Amino acid sequence: MVRQARSEATRRKIVTSAVELFNEIGYPATGLGDIIERAEMTKGALYYHFDSKESLATAIIEEASTRLVEAFRSITTSSAPTLESVIHGVFVVADLLSTDQIARSGTQLLRAFGEFNDAAARTYRGWVAEMTERTRQAIDEGDLRADLDPQAVGETIVGLMLGAELLASATAAGADVLARVARTWKVLLPAIVSQESLSYFDEFLARESMRHSPAPIAD
Amino acid sequence: MTEQLDRRADTTRLQILRAASRQFARKSYSLVSLDDILADAEVTKGAMYFHFRSKHALASAIIEHRAAVARASVDQLLARKLSGLETLIDITYLVAIEDIGDEIARAGLNLLESVGRTDGLQADVLGQWVTAFAAVARKAVRDGDLTKDCDPESVARLLVSMYLGLRQTSNLADPDRLLHDLEEMWVLVLPGFVKPDRVDYLNQFIKRRTAVAIKKATPL
(Lines give C-alpha, C1' and ligand atoms only; values in the text may rest on other atoms or scores of the structure.)
Protein backbone atom coordinates (compact mmCIF):
# COMPACT_ATOMS: atom_id res chain seq x y z
CA MET A 1 0.00 0.00 0.00
CA VAL A 2 2.71 2.45 1.05
CA ARG A 3 4.85 1.23 -1.81
CA GLN A 4 2.05 1.77 -4.28
CA ALA A 5 1.53 5.33 -3.06
CA ARG A 6 5.25 6.04 -3.35
CA SER A 7 5.35 4.58 -6.86
CA GLU A 8 2.35 6.76 -7.84
CA ALA A 9 4.12 9.84 -6.46
CA THR A 10 7.21 9.01 -8.54
CA ARG A 11 5.11 8.58 -11.67
CA ARG A 12 3.37 11.88 -11.00
CA LYS A 13 6.68 13.66 -10.60
CA ILE A 14 7.96 12.29 -13.90
CA VAL A 15 4.77 13.35 -15.72
CA THR A 16 4.87 16.84 -14.18
CA SER A 17 8.52 17.32 -15.12
CA ALA A 18 7.90 16.11 -18.67
CA VAL A 19 4.90 18.45 -19.04
CA GLU A 20 7.00 21.39 -17.85
CA LEU A 21 9.78 20.62 -20.31
CA PHE A 22 7.44 19.96 -23.25
CA ASN A 23 5.76 23.31 -22.55
CA GLU A 24 9.10 25.12 -22.22
CA ILE A 25 11.21 23.73 -25.07
CA GLY A 26 8.83 21.45 -26.97
CA TYR A 27 8.52 17.69 -27.34
CA PRO A 28 11.21 17.07 -29.98
CA ALA A 29 13.88 19.02 -28.11
CA THR A 30 13.22 17.29 -24.81
CA GLY A 31 15.39 14.25 -24.13
CA LEU A 32 14.69 11.56 -21.55
CA GLY A 33 17.90 12.73 -19.83
CA ASP A 34 16.39 16.22 -19.35
CA ILE A 35 13.27 14.72 -17.79
CA ILE A 36 15.32 12.53 -15.42
CA GLU A 37 17.34 15.56 -14.38
CA ARG A 38 14.29 17.79 -13.84
CA ALA A 39 12.45 15.09 -11.87
CA GLU A 40 15.58 14.25 -9.88
CA MET A 41 15.06 10.56 -10.61
CA THR A 42 17.22 7.69 -11.74
CA LYS A 43 16.97 6.30 -15.24
CA GLY A 44 15.66 3.08 -13.69
CA ALA A 45 12.77 4.86 -12.01
CA LEU A 46 11.71 6.42 -15.30
CA TYR A 47 11.98 3.19 -17.27
CA TYR A 48 10.02 1.38 -14.57
CA HIS A 49 7.01 3.55 -15.45
CA PHE A 50 7.55 4.45 -19.11
CA ASP A 51 9.48 2.47 -21.69
CA SER A 52 9.95 5.41 -24.07
CA LYS A 53 9.41 9.11 -24.56
CA GLU A 54 6.37 8.27 -26.65
CA SER A 55 4.74 6.19 -23.91
CA LEU A 56 5.20 9.18 -21.61
CA ALA A 57 3.55 11.38 -24.24
CA THR A 58 0.69 8.89 -24.53
CA ALA A 59 0.10 9.03 -20.78
CA ILE A 60 -0.03 12.83 -20.94
CA ILE A 61 -2.44 12.78 -23.90
CA GLU A 62 -4.70 10.37 -22.05
CA GLU A 63 -4.72 12.36 -18.84
CA ALA A 64 -5.33 15.65 -20.64
CA SER A 65 -8.13 14.10 -22.61
CA THR A 66 -9.80 12.76 -19.46
CA ARG A 67 -9.62 16.15 -17.75
CA LEU A 68 -11.04 18.01 -20.75
CA VAL A 69 -13.81 15.52 -21.46
CA GLU A 70 -14.83 15.45 -17.78
CA ALA A 71 -14.98 19.24 -17.66
CA PHE A 72 -17.12 19.30 -20.80
CA ARG A 73 -19.47 16.55 -19.59
CA SER A 74 -20.00 18.20 -16.21
CA ILE A 75 -21.47 21.13 -18.15
CA THR A 76 -23.48 19.26 -20.74
CA THR A 77 -25.22 16.87 -18.35
CA SER A 78 -27.07 19.75 -16.73
CA SER A 79 -30.69 20.71 -17.27
CA ALA A 80 -29.85 23.56 -19.65
CA PRO A 81 -30.81 23.39 -23.34
CA THR A 82 -28.14 21.39 -25.21
CA LEU A 83 -26.77 24.09 -27.50
CA GLU A 84 -26.30 26.48 -24.55
CA SER A 85 -24.36 23.76 -22.73
CA VAL A 86 -22.22 22.98 -25.76
CA ILE A 87 -21.21 26.61 -26.27
CA HIS A 88 -20.59 27.12 -22.56
CA GLY A 89 -18.77 23.76 -22.35
CA VAL A 90 -16.37 24.72 -25.15
CA PHE A 91 -15.52 27.93 -23.27
CA VAL A 92 -14.88 25.95 -20.09
CA VAL A 93 -12.59 23.57 -22.01
CA ALA A 94 -10.74 26.50 -23.60
CA ASP A 95 -10.37 28.08 -20.17
CA LEU A 96 -8.85 24.84 -18.86
CA LEU A 97 -6.44 24.82 -21.82
CA SER A 98 -5.05 28.17 -20.80
CA THR A 99 -4.84 27.39 -17.07
CA ASP A 100 -4.02 23.68 -16.82
CA GLN A 101 -0.49 22.67 -17.82
CA ILE A 102 -1.27 19.01 -18.46
CA ALA A 103 -4.33 19.85 -20.58
CA ARG A 104 -2.25 22.26 -22.62
CA SER A 105 0.70 19.91 -23.11
CA GLY A 106 -1.60 16.97 -23.91
CA THR A 107 -3.34 18.97 -26.62
CA GLN A 108 -0.07 19.95 -28.22
CA LEU A 109 1.15 16.35 -28.16
CA LEU A 110 -2.15 15.29 -29.65
CA ARG A 111 -1.39 17.50 -32.60
CA ALA A 112 2.19 16.25 -32.88
CA PHE A 113 1.17 12.58 -33.00
CA GLY A 114 -2.21 12.71 -34.69
CA GLU A 115 -3.23 9.41 -36.21
CA PHE A 116 0.13 7.78 -35.51
CA ASN A 117 -0.75 7.31 -31.90
CA ASP A 118 -3.73 5.25 -30.70
CA ALA A 119 -4.50 7.52 -27.75
CA ALA A 120 -4.50 10.57 -30.02
CA ALA A 121 -6.75 8.95 -32.60
CA ARG A 122 -9.12 7.79 -29.85
CA THR A 123 -9.30 11.30 -28.41
CA TYR A 124 -10.24 12.86 -31.76
CA ARG A 125 -12.86 10.21 -32.45
CA GLY A 126 -14.28 10.65 -28.94
CA TRP A 127 -14.75 14.41 -29.35
CA VAL A 128 -16.37 14.06 -32.76
CA ALA A 129 -18.77 11.41 -31.44
CA GLU A 130 -19.63 13.59 -28.44
CA MET A 131 -20.31 16.70 -30.54
CA THR A 132 -22.29 14.73 -33.12
CA GLU A 133 -24.57 13.40 -30.41
CA ARG A 134 -25.05 16.86 -28.86
CA THR A 135 -25.80 18.27 -32.31
CA ARG A 136 -28.51 15.66 -32.76
CA GLN A 137 -30.07 16.69 -29.42
CA ALA A 138 -29.89 20.41 -30.24
CA ILE A 139 -31.64 19.73 -33.56
CA ASP A 140 -34.38 17.88 -31.64
CA GLU A 141 -34.72 20.83 -29.28
CA GLY A 142 -35.16 23.19 -32.23
CA ASP A 143 -32.10 25.35 -31.62
CA LEU A 144 -30.17 23.96 -34.59
CA ARG A 145 -31.62 23.80 -38.11
CA ALA A 146 -33.40 20.53 -38.88
CA ASP A 147 -31.70 20.04 -42.25
CA LEU A 148 -28.18 19.78 -40.80
CA ASP A 149 -26.02 16.66 -40.94
CA PRO A 150 -25.12 16.05 -37.26
CA GLN A 151 -21.84 14.32 -38.11
CA ALA A 152 -20.72 17.24 -40.30
CA VAL A 153 -21.63 19.77 -37.60
CA GLY A 154 -19.90 17.66 -34.93
CA GLU A 155 -16.71 17.55 -37.00
CA THR A 156 -16.91 21.28 -37.72
CA ILE A 157 -17.22 22.18 -34.04
CA VAL A 158 -14.28 19.95 -33.09
CA GLY A 159 -12.25 21.33 -36.00
CA LEU A 160 -12.94 24.90 -34.93
CA MET A 161 -12.00 24.19 -31.33
CA LEU A 162 -8.73 22.56 -32.34
CA GLY A 163 -8.01 25.27 -34.89
CA ALA A 164 -8.62 28.07 -32.42
CA GLU A 165 -6.28 26.36 -29.97
CA LEU A 166 -3.62 25.90 -32.67
CA LEU A 167 -3.75 29.54 -33.77
CA ALA A 168 -3.67 30.71 -30.18
CA SER A 169 -0.62 28.65 -29.28
CA ALA A 170 1.14 29.40 -32.56
CA THR A 171 0.72 33.16 -32.43
CA ALA A 172 0.25 34.17 -28.80
CA ALA A 173 1.56 31.26 -26.71
CA GLY A 174 -2.03 30.20 -26.00
CA ALA A 175 -2.91 33.47 -24.30
CA ASP A 176 -5.95 34.47 -26.35
CA VAL A 177 -7.60 31.10 -26.92
CA LEU A 178 -10.87 32.27 -25.27
CA ALA A 179 -11.17 35.29 -27.53
CA ARG A 180 -10.55 33.10 -30.57
CA VAL A 181 -13.15 30.58 -29.47
CA ALA A 182 -15.66 33.42 -29.09
CA ARG A 183 -14.89 34.67 -32.60
CA THR A 184 -15.22 31.24 -34.22
CA TRP A 185 -18.60 30.70 -32.55
CA LYS A 186 -19.72 34.09 -33.83
CA VAL A 187 -18.96 33.02 -37.39
CA LEU A 188 -20.39 29.53 -37.01
CA LEU A 189 -23.66 30.21 -35.17
CA PRO A 190 -25.55 32.01 -37.99
CA ALA A 191 -24.78 29.06 -40.25
CA ILE A 192 -26.30 26.40 -37.99
CA VAL A 193 -28.74 27.99 -35.52
CA SER A 194 -32.45 28.02 -36.41
CA GLN A 195 -34.05 31.32 -37.35
CA GLU A 196 -36.15 31.56 -34.16
CA SER A 197 -33.20 31.01 -31.84
CA LEU A 198 -30.54 33.10 -33.57
CA SER A 199 -31.05 36.45 -31.84
CA TYR A 200 -31.13 34.69 -28.46
CA PHE A 201 -27.82 32.95 -29.16
CA ASP A 202 -26.23 36.18 -30.36
CA GLU A 203 -26.89 37.59 -26.94
CA PHE A 204 -25.96 34.34 -25.18
CA LEU A 205 -22.57 34.36 -26.92
CA ALA A 206 -22.00 38.04 -26.19
CA ARG A 207 -22.62 37.43 -22.49
CA GLU A 208 -20.42 34.34 -22.51
CA SER A 209 -17.52 36.19 -24.19
CA MET A 210 -17.87 39.11 -21.80
CA ARG A 211 -17.68 36.83 -18.78
CA HIS A 212 -14.53 35.19 -20.12
CA SER A 213 -12.70 38.38 -20.99
CA PRO A 214 -10.57 39.89 -18.24
CA ALA A 215 -12.71 41.90 -15.81
CA PRO A 216 -12.27 45.66 -16.29
CA ILE A 217 -12.55 46.76 -12.66
CA ALA A 218 -13.24 44.56 -9.69
CA ASP A 219 -15.40 46.11 -6.99
CA MET B 1 -16.79 -6.26 10.46
CA THR B 2 -17.87 -3.05 12.20
CA GLU B 3 -17.57 -1.29 8.86
CA GLN B 4 -19.94 -3.81 7.37
CA LEU B 5 -22.36 -3.37 10.27
CA ASP B 6 -22.17 0.41 9.93
CA ARG B 7 -22.94 0.16 6.28
CA ARG B 8 -25.93 -2.04 6.93
CA ALA B 9 -27.19 0.41 9.56
CA ASP B 10 -26.81 3.26 7.04
CA THR B 11 -28.77 1.33 4.45
CA THR B 12 -31.57 0.66 6.94
CA ARG B 13 -31.62 4.30 7.98
CA LEU B 14 -31.93 5.43 4.37
CA GLN B 15 -34.59 2.81 3.73
CA ILE B 16 -36.66 4.23 6.60
CA LEU B 17 -36.08 7.82 5.40
CA ARG B 18 -37.29 6.91 1.92
CA ALA B 19 -40.39 5.13 3.17
CA ALA B 20 -41.22 8.02 5.48
CA SER B 21 -40.68 10.49 2.61
CA ARG B 22 -43.16 8.57 0.47
CA GLN B 23 -45.75 9.15 3.21
CA PHE B 24 -44.88 12.75 4.08
CA ALA B 25 -44.79 13.69 0.39
CA ARG B 26 -48.44 12.72 0.00
CA LYS B 27 -50.06 13.27 3.40
CA SER B 28 -49.86 15.96 6.03
CA TYR B 29 -47.63 15.32 9.04
CA SER B 30 -50.48 14.59 11.44
CA LEU B 31 -52.11 12.04 9.12
CA VAL B 32 -48.99 9.89 8.78
CA SER B 33 -48.65 7.13 11.35
CA LEU B 34 -45.45 5.34 12.30
CA ASP B 35 -47.18 2.05 11.48
CA ASP B 36 -47.65 3.12 7.83
CA ILE B 37 -43.98 3.94 7.62
CA LEU B 38 -42.97 0.65 9.27
CA ALA B 39 -45.10 -1.36 6.86
CA ASP B 40 -43.71 0.50 3.86
CA ALA B 41 -40.05 0.34 4.95
CA GLU B 42 -40.31 -3.35 5.85
CA VAL B 43 -38.23 -2.94 8.99
CA THR B 44 -38.97 -3.89 12.57
CA LYS B 45 -40.13 -1.42 15.18
CA GLY B 46 -36.84 -2.04 16.97
CA ALA B 47 -34.80 -1.04 13.95
CA MET B 48 -36.87 2.09 13.52
CA TYR B 49 -36.44 3.19 17.15
CA PHE B 50 -32.75 2.44 16.95
CA HIS B 51 -32.44 5.16 14.28
CA PHE B 52 -35.30 7.53 15.15
CA ARG B 53 -36.77 8.06 18.58
CA SER B 54 -40.03 9.56 17.32
CA LYS B 55 -42.03 10.70 14.33
CA HIS B 56 -40.70 14.17 14.99
CA ALA B 57 -37.09 12.96 14.94
CA LEU B 58 -37.80 11.26 11.62
CA ALA B 59 -39.31 14.44 10.18
CA SER B 60 -36.31 16.53 11.27
CA ALA B 61 -33.95 13.97 9.73
CA ILE B 62 -35.78 14.22 6.40
CA ILE B 63 -35.54 18.01 6.44
CA GLU B 64 -31.83 17.88 7.22
CA HIS B 65 -31.11 15.13 4.68
CA ARG B 66 -32.92 17.10 2.00
CA ALA B 67 -31.10 20.33 2.89
CA ALA B 68 -27.75 18.55 2.49
CA VAL B 69 -28.74 17.11 -0.90
CA ALA B 70 -29.96 20.52 -2.05
CA ARG B 71 -26.70 22.17 -0.98
CA ALA B 72 -24.77 19.63 -3.03
CA SER B 73 -26.83 20.23 -6.17
CA VAL B 74 -26.52 24.00 -5.78
CA ASP B 75 -22.74 23.58 -5.50
CA GLN B 76 -22.84 21.61 -8.74
CA LEU B 77 -24.75 24.43 -10.42
CA LEU B 78 -22.25 26.98 -9.14
CA ALA B 79 -19.42 24.89 -10.57
CA ARG B 80 -20.91 25.42 -14.02
CA LYS B 81 -19.74 29.04 -13.81
CA LEU B 82 -22.72 30.65 -15.48
CA SER B 83 -23.58 34.25 -14.65
CA GLY B 84 -24.99 34.92 -11.18
CA LEU B 85 -28.53 35.69 -12.28
CA GLU B 86 -28.68 32.73 -14.68
CA THR B 87 -27.52 30.55 -11.80
CA LEU B 88 -30.29 31.92 -9.55
CA ILE B 89 -32.89 31.17 -12.22
CA ASP B 90 -31.46 27.67 -12.73
CA ILE B 91 -31.59 27.01 -8.98
CA THR B 92 -35.30 27.82 -8.78
CA TYR B 93 -36.04 25.53 -11.73
CA LEU B 94 -33.96 22.77 -10.17
CA VAL B 95 -35.81 23.12 -6.87
CA ALA B 96 -39.14 23.05 -8.72
CA ILE B 97 -38.26 19.95 -10.76
CA GLU B 98 -37.21 18.08 -7.63
CA ASP B 99 -40.23 19.26 -5.66
CA ILE B 100 -42.44 17.95 -8.47
CA GLY B 101 -40.82 14.55 -8.94
CA ASP B 102 -38.67 13.60 -5.95
CA GLU B 103 -40.33 12.20 -2.83
CA ILE B 104 -37.60 13.26 -0.41
CA ALA B 105 -37.54 16.79 -1.84
CA ARG B 106 -41.33 17.10 -1.64
CA ALA B 107 -41.48 15.65 1.88
CA GLY B 108 -38.62 17.88 3.01
CA LEU B 109 -40.41 21.06 1.93
CA ASN B 110 -43.80 19.88 3.24
CA LEU B 111 -42.27 19.14 6.64
CA LEU B 112 -40.32 22.37 6.68
CA GLU B 113 -43.64 24.21 6.48
CA SER B 114 -45.41 22.10 9.12
CA VAL B 115 -43.09 20.79 11.86
CA GLY B 116 -40.25 23.10 10.87
CA ARG B 117 -42.28 26.16 11.78
CA THR B 118 -42.50 25.33 15.49
CA ASP B 119 -39.11 23.82 16.24
CA GLY B 120 -36.88 26.44 14.66
CA LEU B 121 -35.73 24.23 11.82
CA GLN B 122 -37.60 26.35 9.28
CA ALA B 123 -35.79 29.50 10.32
CA ASP B 124 -32.50 27.60 10.18
CA VAL B 125 -32.92 26.03 6.76
CA LEU B 126 -34.49 29.08 5.13
CA GLY B 127 -31.74 31.21 6.64
CA GLN B 128 -29.23 29.00 4.85
CA TRP B 129 -31.18 29.37 1.60
CA VAL B 130 -31.21 33.15 1.90
CA THR B 131 -27.48 33.25 2.63
CA ALA B 132 -26.72 31.02 -0.36
CA PHE B 133 -29.02 32.98 -2.71
CA ALA B 134 -27.60 36.29 -1.51
CA ALA B 135 -24.05 35.18 -2.34
CA VAL B 136 -25.13 34.36 -5.90
CA ALA B 137 -27.09 37.63 -6.12
CA ARG B 138 -23.95 39.55 -5.15
CA LYS B 139 -22.20 37.86 -8.08
CA ALA B 140 -25.10 38.95 -10.30
CA VAL B 141 -24.48 42.56 -9.22
CA ARG B 142 -20.79 42.18 -10.13
CA ASP B 143 -21.76 40.64 -13.49
CA GLY B 144 -23.73 43.80 -14.17
CA ASP B 145 -27.14 42.11 -14.50
CA LEU B 146 -28.61 43.54 -11.30
CA THR B 147 -28.94 47.26 -10.71
CA LYS B 148 -26.21 48.73 -8.51
CA ASP B 149 -28.62 49.96 -5.85
CA CYS B 150 -30.43 46.66 -5.27
CA ASP B 151 -29.79 44.81 -2.03
CA PRO B 152 -28.68 41.19 -2.73
CA GLU B 153 -30.08 40.08 0.61
CA SER B 154 -33.55 41.40 -0.25
CA VAL B 155 -33.43 39.81 -3.70
CA ALA B 156 -32.52 36.52 -2.01
CA ARG B 157 -35.42 36.78 0.45
CA LEU B 158 -37.84 37.71 -2.34
CA LEU B 159 -36.84 34.66 -4.40
CA VAL B 160 -37.09 32.25 -1.47
CA SER B 161 -40.55 33.63 -0.58
CA MET B 162 -41.54 33.47 -4.23
CA TYR B 163 -40.85 29.77 -4.49
CA LEU B 164 -42.34 28.84 -1.12
CA GLY B 165 -45.49 30.78 -2.01
CA LEU B 166 -45.64 29.25 -5.46
CA ARG B 167 -45.66 25.68 -4.18
CA GLN B 168 -48.72 26.59 -2.06
CA THR B 169 -50.70 28.48 -4.67
CA SER B 170 -49.88 26.50 -7.79
CA ASN B 171 -50.22 22.75 -8.33
CA LEU B 172 -47.31 20.38 -7.75
CA ALA B 173 -49.22 17.55 -9.42
CA ASP B 174 -49.42 19.56 -12.64
CA PRO B 175 -45.83 20.31 -13.77
CA ASP B 176 -46.94 22.23 -16.82
CA ARG B 177 -48.95 24.68 -14.75
CA LEU B 178 -46.44 24.97 -11.91
CA LEU B 179 -43.53 25.68 -14.25
CA HIS B 180 -45.51 28.22 -16.27
CA ASP B 181 -46.52 29.91 -13.01
CA LEU B 182 -42.84 29.98 -12.01
CA GLU B 183 -41.99 31.55 -15.38
CA GLU B 184 -44.68 34.21 -14.97
CA MET B 185 -43.46 35.10 -11.50
CA TRP B 186 -39.89 35.49 -12.72
CA VAL B 187 -40.99 37.66 -15.63
CA LEU B 188 -42.99 39.82 -13.22
CA VAL B 189 -40.24 40.33 -10.64
CA LEU B 190 -37.23 40.70 -12.97
CA PRO B 191 -37.72 44.39 -13.85
CA GLY B 192 -37.67 45.14 -10.11
CA PHE B 193 -33.95 44.44 -9.79
CA VAL B 194 -32.53 43.76 -13.28
CA LYS B 195 -31.01 46.41 -15.54
CA PRO B 196 -33.56 47.32 -18.24
CA ASP B 197 -31.34 46.36 -21.20
CA ARG B 198 -30.89 42.82 -19.83
CA VAL B 199 -34.58 42.06 -19.36
CA ASP B 200 -35.38 40.84 -22.90
CA TYR B 201 -32.57 38.33 -22.97
CA LEU B 202 -33.38 37.05 -19.48
CA ASN B 203 -37.07 36.69 -20.28
CA GLN B 204 -36.09 34.43 -23.14
CA PHE B 205 -33.63 32.57 -20.93
CA ILE B 206 -36.50 31.88 -18.52
CA LYS B 207 -38.90 30.71 -21.26
CA ARG B 208 -36.26 28.30 -22.54
CA ARG B 209 -35.72 26.93 -19.01
CA THR B 210 -39.45 26.35 -18.64
CA ALA B 211 -39.53 24.34 -21.87
CA VAL B 212 -36.63 22.11 -20.76
CA ALA B 213 -38.04 21.71 -17.25
CA ILE B 214 -41.46 20.62 -18.53
CA LYS B 215 -39.80 17.86 -20.52
CA LYS B 216 -37.75 16.79 -17.51
CA ALA B 217 -40.30 16.90 -14.71
CA THR B 218 -42.37 13.82 -13.93
CA PRO B 219 -44.91 14.17 -11.12
CA LEU B 220 -44.90 11.75 -8.17
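I began with helix α6 (residues 103–113) of chain B and helix α9 (residues 152–169) of chain B, which pack at an angle of about 100° with their axes 12 Å apart. α6(B) and α9(B) are therefore roughly perpendicular (65 to 115 degrees) to each other. I found the contact (heavy atoms within 4.5 Å) made by B:R106, B:L109, B:N110 and B:E113 of α6(B) and by B:Y163, B:L164, B:R167 and B:Q168 of α9(B).

A note on the source: this is a predicted model, where local features need pLDDT of at least 70, side-chain atom pairs count only at pLDDT 80 or more, and totals for chains, interfaces and linings use all residues. Residues are numbered from 1 along each chain as its sequence is written, chains are lettered from A and ligands numbered from 1 in the order in which they are written, and side-chain values use heavy atoms, with hydrogens and water left out.

Next I took helix α4 (residues 55–79) of chain B with helix α5 (residues 84–101) of chain B: their angle is about 140° and their axes lie 10 Å apart.

Then I turned to the cores (buried nonpolar residues joined through side-chain atoms within 4.5 Å; buried is under 20% relative accessible area, 1.4 Å probe). Of the 113 residues in the largest one, A:W185 and B:W186 are among those touching the most other members. Helix α8 (residues 121–143) of chain B gives the largest share, 11 residues.

Notes. Axes fitted to C-alpha atoms, helices over the stretch in contact; angles between N-to-C directions. Helix = DSSP H or I, 4+ residues; strand = E, 2+ residues; numbered from the N terminus. Buried < 20%, exposed > 50% of the residue type's maximum accessible area, 1.4 Å probe, protein only. Parallel < 35°, antiparallel > 145°, perpendicular 65-115°, else oblique.
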